[in-house]
Amino acid sequence: MTLKDATAIVGIGRTPFARHLAEDERTLACRAVLAALDDAGIAPGEVDALASYTMEETDEVELAKAVGLGDLTFFSKAGYGGGGSCATVAHLAAAIASGQASVGVAWRSRKRGSGPRPWTNTTVQLPTPAQWTRPFGLLRPADEIAMLTRRYLHEYGATRDHLFNVALACRNRANQNPAAIMYDRPLTREMYMSSRWISEPLCLFDNCLETDGALACVLVSRERARDCPNTPVYVHSAAQGLPAQHHGMVNYWNDDPLTGPAWTAARHLWKHADFTPQDVDVAQIYDAFTSLVPLSLEGYGFCGRGEGGSFTEGGALEIGGRLPINTSGGGLSEAYVHGFNLIDEGVRQLRGTSTAQVPDATTCLVTAGEGVPTSALLLTNRS
Amino acid sequence: MLEPVKDTTGAPFWEYAARGELRVQACADCGELRFPPRPCCPHCQSFAEEWRPVSGRGRVWSYVVPHPPLLPDYAAQAPYNVVVVELEEAPRIRLVGNLVTVAGAPLNSLDPGRIRIGARVHVVFADGLPQWVLS
């Protein structure tokens, strides 16, 4: 049995994205799931598999009951926040390919824009591993990734201009996408370089948005996909990655902290693919922070170690460049919904319906959060 | 300020720190140091452990300077530094901490402009927490 092209994403759906949406997370989840099923032309009663994130607060029981799903024979949750996005699709693909289920829905609903701000109150609970970091004021994900970023810049001579190249590519694509939070907000180098610090060396524009919104997608078998109204987007390869001796996002205790989960996921991903990084037409790379992109470019094999910064030069990440990324604006400029918008944008690219379409795109890499245990997908429309 | 939320495995680190000693967990069979503390040795799978004193000398591996929004006690000191120190005798043992001017000084007591990756530092203690000063 092989996963390769055995299943396809045939439906995508989303709610509007905004800093504040009135509806609660469960309602947003229902809307996204129903929109994805409508897009797939599949009735809710046919769904027999669900997958989401461990941090998803809409319980699968409540979702299934609310939107009228059928009898479920498979449900799973993937851990580690933004590292779980692609794993939800991978779990459904495996379930369908192995006969555990026939119609799967993955989703993420999140109200980070209007939700609690844990870094401004004193009642936050410390998870036990935080005993080694948080008493010293290394409090937020931004601080933890800034620490890796400083070492990365030092080790390889990468610069803030390289991080700006990432922020700019995402913002330029958002400026083409009416659904993006930053649709009408162009970014300049001067704005970037003079913006306030969040955690030096990361500034405001190195950090993702805080967004309310929900997204979903629908998976079926390759055979079933032929009967659906949209171009099938095949799951060509899928992988999760939790490296040996990894430690959460505070990845300073590996022998080699600058080779993170992307390297582990990539080895499996490419081993089971018929194409190579050179054949990837467009990529949706998890961008909770700009510096995760050069790390991922290295991890997934688009360049050598330490070359992720220089890879971003000369418009390489823009439309028409070597590797257009995050063509809906990504987490930095479209919406931050734990990376699920990257999956749906990968599908739009391979349907030919992106607002920043890469001409004749046939292959797309989608990745989940780097720095945490992660996951990734290779998608293709080649039948 | 946040107190360390100790677990059984990590408690000895904090007990030694309260006595002004920096000790790191080591395998009592194969001798490999490990951090953060864990129940058994990832090299030889032994559950026998010991807590080995280390020199307290190290180098700055990386550092950040957080700015608000932060928890109130930290926001009051921002911008401050957080460093990762690699130990001189075991460079792959890296400890998160703060670089201060003298033991017990606030997190923002040292000008961040004076911090460099590779700078030599040594450990001091204040209120049961290890801190670091430039050597």
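**Figure 1. A:Glu56 is a buried acidic partner in a salt bridge of chain A.** At 4% relative accessibility, A:Glu56 falls in the buried class. The model shown here, and in every view below, is predicted. A:Glu56 forms a salt bridge with A:Arg108, and their closest N and O atoms are 3.0 Å apart. A:Arg108 sits in strand E4 (residues 103-111) of chain A, while A:Glu56 sits in the loop between strand E2 (49-53) and helix H2 (60-67), so the pair ties together parts 52 residues apart in sequence. A:Arg108 is buried too, with a relative accessible area of 3%. Over all chains, the count of salt bridges comes to 21.

**Figure 2. A:Asp161 and A:Arg189 form a salt bridge between two helices of chain A**. The closest N and O atoms of this pair are 2.7 Å apart. A:Asp161 belongs to helix H5 (residues 160-174) and A:Arg189 to helix H6, so the bridge ties together parts 28 residues apart in sequence. A:Asp161 is partly exposed, with a relative accessible area of 29%. A:Arg189 is also partly exposed, at 43% relative accessibility. Elsewhere in chain A, salt bridges link A:Arg19, A:Arg112 and A:Glu210 in a network.

**Figure 3. A:Met191 lies in helix H6 (residues 189-193) of chain A**. Is A:Met191 buried or partly exposed? With a relative accessible area of 33%, A:Met191 is partly exposed. Beyond its neighbours within four places in sequence, A:Met191 is in contact with A:Pro186 and A:Phe205. The C-alpha atoms of A:Met191 and A:Leu204 are 9.9 Å apart, and the two residues are 13 apart in sequence.

**Figure 4. A:Thr312 is a buried loop residue of chain A**. The loop runs between helix H10 (308-311) and helix H11 (330-333). The relative accessible area of A:Thr312 is 2%; under 20% counts as buried, so A:Thr312 is in that class. What does its side chain reach? A polar contact of 3.0 Å joins the side chains of A:Thr312 and A:Asn165. The side chain of A:Thr312 also reaches the backbone oxygen of A:Gly309, at 2.6 Å. Not counting residues up to four places away in sequence, A:Thr312 touches A:His162, A:Asn165, A:Val166, A:Leu297 and A:Leu317.

**Figure 5. Helix H8 (residues 261-271) of chain A has buried residues that pack against strands and a helix**. The buried residues include A:Pro261, A:Trp263, A:Leu269 and A:Trp270. Also buried are A:Ala262, A:Ala265 and A:Ala266. Which elements do they pack against? They meet strand E8 (233-241), helix H9 (292-299), strand E10 (363-367) and strand E11 (374-380) of chain A.

**Figure 6. Strand E1 (residues 23-27) of chain B is largely enclosed by the rest of the structure**. Five of its five residues are buried. B:Arg23, B:Gln25 and B:Cys27 point one way from E1(B), and B:Val24 and B:Ala26 point the other way. E1(B) pairs with strand E2 (residues 49-53) of chain B in the antiparallel sense, over five bridges. Within this pairing, B:Ala26 stands opposite B:Glu50. B:Arg23 forms a salt bridge with B:Glu21, the closest N and O atoms being 2.7 Å apart. B:Arg23 counts as buried at 18% relative accessibility, whereas B:Glu21 is partly exposed at 26%.

Figure 7. B:Trp61, B:Pro69 and B:Val96 supply 17% of the area that chain B buries against chain A, more than any other three residues. The contact takes 41 residues from chain B and 38 residues from chain A.

**Figure 8. One salt bridge and 19 polar residue pairs cross the interface of chain B and chain A**. The salt bridge joins B:Arg92 to A:Asp255, with the closest N and O atoms 3.5 Å apart. On the side of chain B that touches chain A, at least two residues each come from elements including helix H1 (11-18), strand E4 (82-87) and strand E5 (90-97). E3(B) gives the most, with six residues. By class, this side of chain B has 30 nonpolar, five polar and six charged residues.

**Figure 9. Strand E3 of chain B pairs with a strand of chain A**. The partner is strand E5 (residues 197-200) of chain A. The two pair in the antiparallel sense, over two bridges. B:Val65 in E3(B) is the bridge partner of A:Glu200.

Key
Residues are numbered from 1 along each chain as its sequence is written. Chains are lettered from A and ligands numbered from 1 in the order in which they are written. This is a predicted model: local features need pLDDT of at least 70, side-chain atom pairs count only at pLDDT 80 or more; totals for chains, interfaces and linings use all residues. Side-chain values use heavy atoms; hydrogens and water are left out. Contact means heavy atoms within 4.5 Å. Buried area is the accessible area (1.4 Å probe) that two parts lose on being put together, summed over both. A salt bridge is a side-chain nitrogen of Lys or Arg within 4 Å of a carboxyl oxygen of Asp or Glu. A polar contact is a pair of N or O atoms within 3.5 Å; within protein, one must be able to donate a hydrogen and the other to accept it, and residues adjacent in sequence count only if both atoms are side-chain atoms. Helices (H or I, at least four residues) and strands (E, at least two) are DSSP runs, numbered from the N terminus. Ala, Val, Leu, Ile, Met, Phe, Trp, Tyr, Cys and Pro count as nonpolar, Asp, Glu, Lys and Arg as charged, and the others, Gly among them, as polar. Two strands pair if DSSP finds at least two bridges between them. Buried means under 20% relative accessible area, exposed over 50%, partly exposed in between (1.4 Å probe, protein chains only).
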